[in-house]
Amino acid sequence: MRIPGARVWLRWLGGLGGLAAFFLAWEIAVAVLQVPLYVLPAPSSIWRQVLRDWPLLLRHLQPTAIEAFGGFVLGNGGAIILAAAFVHWPPVQRALFPLAIGLRTIPLVAITPLLLVWLGYGYAPKIVIAALISFFPTLVNMTRGFAAMDQQSLELMHTISASTWQTFVKVRWPASLPYLFSALKIAATSCVLGAVVAEWIGSDRGLGYLVVAATFEFAIARLWATIAVTSLLALLAFLVVAAAERFFVPWRDDAGI
Amino acid sequence: MEALRDVSLTVAEGEFVSIIGPSGCGKSTLLRLAADVLAPSSGEVKVFGETPATARRARAFSMVFQDPALLPWRTVLANVELPLEVARMGQQRRRERAIEAIALVGLSGFEGARPAQLSGGMRQRAAIARALTLQPKLLLMDEPFSAVDELTRDRLNQELLAIWTRTGAAILFVTHSIEEAVYLSDRIVVLTGRPGQVYSELRVDLPRPRSLEIKRTPAAFEWSSRARLALEEASR
């Protein structure tokens, strides 16, 4: 017997409890061991810094969020389309999959300066990095997801003379949604990190830039505040995707976080 | 690998024909050939005088699989509507037809349920309703009741006969169960082991309409033992 309400509650409580214990241990350790601020500030002082710097953080949060979102849409959209092509035309998969893996092996930190040269100093190179980072996991997941349709469903669609498009829309796509959301949950956080890394290498705004600036000015508390806000942004992105999964994949029992 | 050889089989209009045979004799293959799921390596299959592909596109037959193959994200109603949706029928008409088919299999009231909420027998009923929406002249059924318990199977058999009578469709039915074949069929085709060939045909002349009680009559036992004997000989 499942009691969904209670289980969700317990899961949330467990998750929050774990986080609370972690931060509490951190706080106590810093106080007891008298760790200096420049080595590791206590969570409470990071939080105070977040509040103090809030207008500044918010100003730099915006471009990062835009880049991460743009990269999320571009990278996942591209991966979904390519995965659909892979499933319907195996030669395309044979030809392009090695290339996709090759793309994955390129160190992003190394090509970011090149992207800056090619695409300028604005949003574009950061969006591309965020897209590249989320592209591959989604491609792999969706290639599996689109092929996950069971043989009998495929035969059923054939015997009722469904077109390839109808089979895709009515069966393949919905059947792949659990795979899609697994991939999107990875992408949601990695897009934020991709955008931050790209900003870190070349930008005059965004959380990545703020990390560089804070380090340069030796503003350790602000550096940690920026890290905290970046994490919160990534966490928020993850939670939005997880909520969307609950909404769009209600037939899946374990559609939780 | 050769699954079938020199199989010649004709199903008359409105006839109920069952195919039995040892495991791996190509019973399912035969059905899949008729359904255009498989193509014959040689020879030909005609469904209503056409190739299976033409008959399939004309939506002249429906197939019921061993597994109900319902789409888990669709309600019973939406699952049953699927073939009509694919055939681009208007929403109003397809809803009416689906509701009618659901009533025919005795699932009224479960239109809004999802497959996961149904029992195995109910899922197979929904699959049969889905097959009926196209109002086919021929139903191809591949061991549709092999996964349900004996009593449910009896009830489903009885209902299938009622549906068959009401719709007037011919049924080509593959099964492992001799009793099931005897109870349902006008004619039982016994296939030999691989490569499957027609070993014999039995014309079951039990009176219709058949209630479940007929299964316990001497005549039914007689037919069952004849079919069992034929199957044993065919398996040799």
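**Exercise 1.** How many bridges join strand β1 of chain B to strand β4 of chain B, and do the strands run parallel or antiparallel?

*Solution.* First, some ground rules: this is a predicted model, where local features need pLDDT of at least 70, side-chain atom pairs count only at pLDDT 80 or more, and totals for chains, interfaces and linings use all residues. Residues are numbered from 1 along each chain as its sequence is written, while chains are lettered from A and ligands numbered from 1 in the order in which they are written.

Next, find β1 (residues 16–20) and β4 (residues 170–174) of chain B: 4 bridges join them, and they run parallel. Strands are DSSP runs of E, at least two residues, and helices runs of H or I, at least four, numbered from the N terminus. Strands pair if DSSP finds at least two bridges between them. Finally, pick B:Phe16, whose bridge partner in β4(B) is B:Ile171.

**Exercise 2.** Describe the side of chain B that touches chain A.

*Solution.* Count first: 16 residues of chain B are in contact (C-beta atoms, placed from the backbone, within 7 Å) with 13 residues of chain A. Then locate them: α2 (52–57) and α3 (76–86) of chain B are the elements giving two or more residues to this side.

Conventions: Contact = placed C-beta atoms within 7 Å.
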